[in-house]
Amino acid sequence: MNSLVLLALLVAQTSTEPDRITIPFKDPNRPGTVEVRLFQGDVTVTPYSGREVVVTAKSRRRRISSTTDTQGLRRLTGGRFAVTEENNVVSVRGGSLERVEVDVQVPAATNLKIQSELGGKLNVTGIEGDIEVTNLNGAVTLTDVSGSVVTHSTNGKVFVTMKNVTPQKPMAFTSVNGNVDVTLPADTKANLKLRTTNGDIYTDFDVQIATPQIRRLDSAPRGPHSLIDFERAITGTINGGGPDFELRTVNGNLVIRRAK
Amino acid sequence: MHEEDFRNELPDDLRSLWEKLDSIPGETADSAAMKIRFNAMLDAYHETVDRSRRAWWPLRPAVQFVIAVLILAAGVTIGRYFAPSRPQQQSADLIQLRREVGDLREIVALSLMQQQSATDRLRGVSWSNQIDEPDGKVLSALLDTLMHDPNVNVRLASIDALRRFGERQVVRRGALQALTRQQSPLVQIALIDFMVELQEKDCVGTLEKLAQDDHVDETVRKRAALGVQDFQQRQQ
Amino acid sequence: MQHTDERLMLSVRDGDVRKLGLLFDRHHQRLFSFFCRLTGNRTVAEDLVQDVFFRILKYRKSFREDSRFNTWMFQIARNVRTDFFRKHPAEPSLQIDFDVADRSPFPNQKLEREQEREKLNRALLELPSDKRELLVLARYQELRYDEIAELLNVDVGTVKVRVHRAMKQLREIFNKLSCEKNKCTRKTSETSCPTI
């Protein structure tokens with residue numbers, strides 16, 4: 001029951017010949033989890049009406065010109081992915097030094113754990129579940145997602161729009177070099193912990209705050225920054241308060257928008 | 001009384017024995033104490049198991065089982081304190097029970113911090129924040145989370161939770177050690193700020209090294225340098 | 001306005017978990033006495049009561065519209081009892097204050113009654129646990145024949161027979177205890193053993 005089943009070795013072909021594989025969840029009646037761990041590459045996750053996980057991989061590498069003499073040489077490059085399923089968790093792991101594009105289609109209610117070691121663009125659209133996305137170099141874009149989000153990009157912007165928020169779940173949206181821009185349903189209850197070192201904070205939520213340093217969307221001026229100024233988290237509540245939502249960046253702005 | 005029906009069914013020779021059974025008095029429960037314990041169980045159950053039903057990814061069955069076992073195990077400990085109590089002993093027993101309820105919260109926090117999903121571990125960290133006097137176990141778990149949690153945001157949250165206990169030696173040591181090992185810029189910056197806030201002079205050497213290390217993120221280096229400056233300024 | 005136990009339990013089943021507190025208020029004392037008589041130990045009895053309510057919470061979905069709360073609760077209590085005795089096969093310690101030692105050679109009537117009561121309780125505790133449980137349910141818990149029959153999943157006739165047998169065995173043990181105390185022989189009915 002708990003055995004790891006290596007379902008396939010996905011090989012990323014060139015962009016003219018994508019490799020595709022379909023993996024079922026062990027128990028399709030329960031929301032499953034999809035983990036994608038790439039060394040380098042773009043990942044896009046979208047929902048579809050089926051109950052399985054469809055993974056398509058393409059490589060960006062251009063074909064080696066046929067005039068190059070490759071006789072007797074072993075090919076070292078080429079993306080290979082191991083795809084496994086264990087206990088309702090589908091794992092896609094691998095990657096290489098070349099950029100690959102991985103497209104994943106999942107049922108709309110699926111938990112996600114997406115990680116890129118070196119970088120790339122990580123995109124998720126329309127999924128509902130516990131969503132964890134971590135990137136080193138590259139943007140994280142989560143559009144119209146629901147459930148709970150814990151996300152970080154070290155060098156890249158974090159852009160999230162949420163349709164529904166699961167109550168009582170803490171969340172985090174962080175970056176080091178990049179803006180963090182989050183849209184939440186207007187009735188979201190949360191304790192906001194906001195912090196940026198070099199940047200501003202904008203919101204159109206009605207935040208009950210401790211220190212009045214938040215600028216409204218319609219105003220403009222930048223605040224002063226003293227040389228030795230270790231700012232503290234600015235905390236405030238929306239809609240009476242709830243679980244902690246942490247928005248943090250070092251070099252970038254924080255924007256928290258109310259969904260219309 | 002229903003027991004009469006039974007009595008009437010018995011032959012005469014057994015009937016008097018049946019009647020004599022009446023002489024065994026019933027025991028009176030310590031209702032107040034039992035209610036407190038019951039409520040603690042209800043709270044813990046409600047918090048962790050019931051709420052998960054609304055989430056998309058329910059707490060793994062293993063967690064529910066662990067919590068159930070721990071609640072019962074804690075319950076057995078609580079039970080030991082309720083030997084037939086005399087009135088003057090009661091308040092001492094209740095105080096003990098309240099302490100045990102705090103332990104329940106701790107059990108849940110520790111359990112949550114071990115979960116597969118980052119959201120659950122974040123919850124565990126914030127639960128431990130609500131414990132007034134966490135013991136070594138909770139602080140250890142937080143320090144462990146700081147050093148080893150695979151998710152950068154969870155590590156960040158643990159620093160916030162540890163902030164309250166900055167004056168404890170074990171926390172200062174742990175944070176300093178983390179500073180020498182952590183690689184994620186966000187965590188490094190938070191740790192630098194923490195050290196400066198604590199005025200932990202032992203960290204100056206580490207800060208200087210960070211400021212000069214080419215492999216370290218530039219933002220972190222700048223922050224470390226500012227930190228060193230801050231310490232030097234305060235000494236003047 | 002008083003709600004029936006069934007109404008409350010259905011609310012709990014359907015999500016209003018807090019209502020379990022009302023059921024706790026109503027029934028914990030009864031369950032406590034039940035377990036006290038079964039185990040002879042207050043501390044253990046408390047733990048077992050809490051265990052029952054935990055299981056009521058955990059298995060609340062199995063309570064149906066046509067279930068009777070009383071029998072359902074006692075079914076759970078019996079399971080708790082079975083599990084406990086399986087894990088603790090040794091005789092539970094007698095925590096309740098009994099003193100079956102020899103008293104002064106000039107017993108007055110009150111003392112005699114006390115001694116008898118202690119002996120009886122001791123005898124009850126020496127009965128095999130399922131027989132003990134049956135007697136406790138029938139004698140003290142205010143359950144009817146048909147309720148006990150439902151609980152044990154047998155017919156009413158069987159319940160009567162079992163109660164009868166249990167009482168006979170209780171008497172045997174009681175007499176044996178009396179004999180031991182008076183150090184008399186058990187040869188004939190002409191001994192000085194008090195018999196019932």
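**Exercise 1. Determine what area chain A and chain B bury between them, and what share of it lies on carbon and sulfur atoms.**

Solution. Chain A and chain B bury about 3100 Å² between them, with 58% of it on carbon and sulfur atoms. Buried area is the accessible area (1.4 Å probe) that two parts lose on being put together, summed over both. The structure is a predicted model, in which local features need pLDDT of at least 70 and side-chain atom pairs count only at pLDDT 80 or more, while totals for chains, interfaces and linings use all residues. Residues are numbered from 1 along each chain as its sequence is written, chains are lettered from A and ligands numbered from 1 in the order in which they are written, and side-chain values use heavy atoms, with hydrogens and water left out.

**Exercise 2. Describe the contact of chain A with chain B by residues, polar pairs and elements.**

Solution. Step 1: chain A gives 41 residues to the contact and chain B gives 33 residues, contact meaning heavy atoms within 4.5 Å.

Step 2: the interface holds one salt bridge, a side-chain nitrogen of Lys or Arg within 4 Å of a carboxyl oxygen of Asp or Glu. A:K193 pairs with B:D160 in a salt bridge, the closest N and O atoms being 3.0 Å apart.

Step 3: on chain A, at least two residues each of the side that touches chain B come from β10 (111-119), β12 (128-137), β13 (140-155), β15 (171-177), β17 (190-198) and β22 (244-251). These strands are DSSP runs (E, at least two residues), as helices are (H or I, at least four), numbered from the N terminus.

**Exercise 3. State which residues of chain C supply 15% of the area that chain C buries against chain B.**

Solution. Step 1: the area buried between chain C and chain B is about 4800 Å², and carbon and sulfur atoms give 65% of it.

Step 2: C:R42, C:F54 and C:R139 supply 15% of the area that chain C buries against chain B, more than any other three residues.

Step 3: the contact takes 49 residues from chain C and 45 residues from chain B.

**Exercise 4. Find how many salt bridges cross the interface of chain C and chain B, and which element gives the largest share of the side of chain C that touches chain B.**

Solution. Step 1: five salt bridges are found across this interface. In one salt bridge, C:E116 meets B:K20 at 3.2 Å, N to O.

Step 2: the elements of chain C that give two or more residues to the side touching chain B include α3 (42-58) and α5 (109-126). The largest share, 11 residues, comes from α3(C).

Note on methods. Polar contact = N/O pair within 3.5 Å; in protein donor to acceptor, adjacent residues only side chain to side chain.
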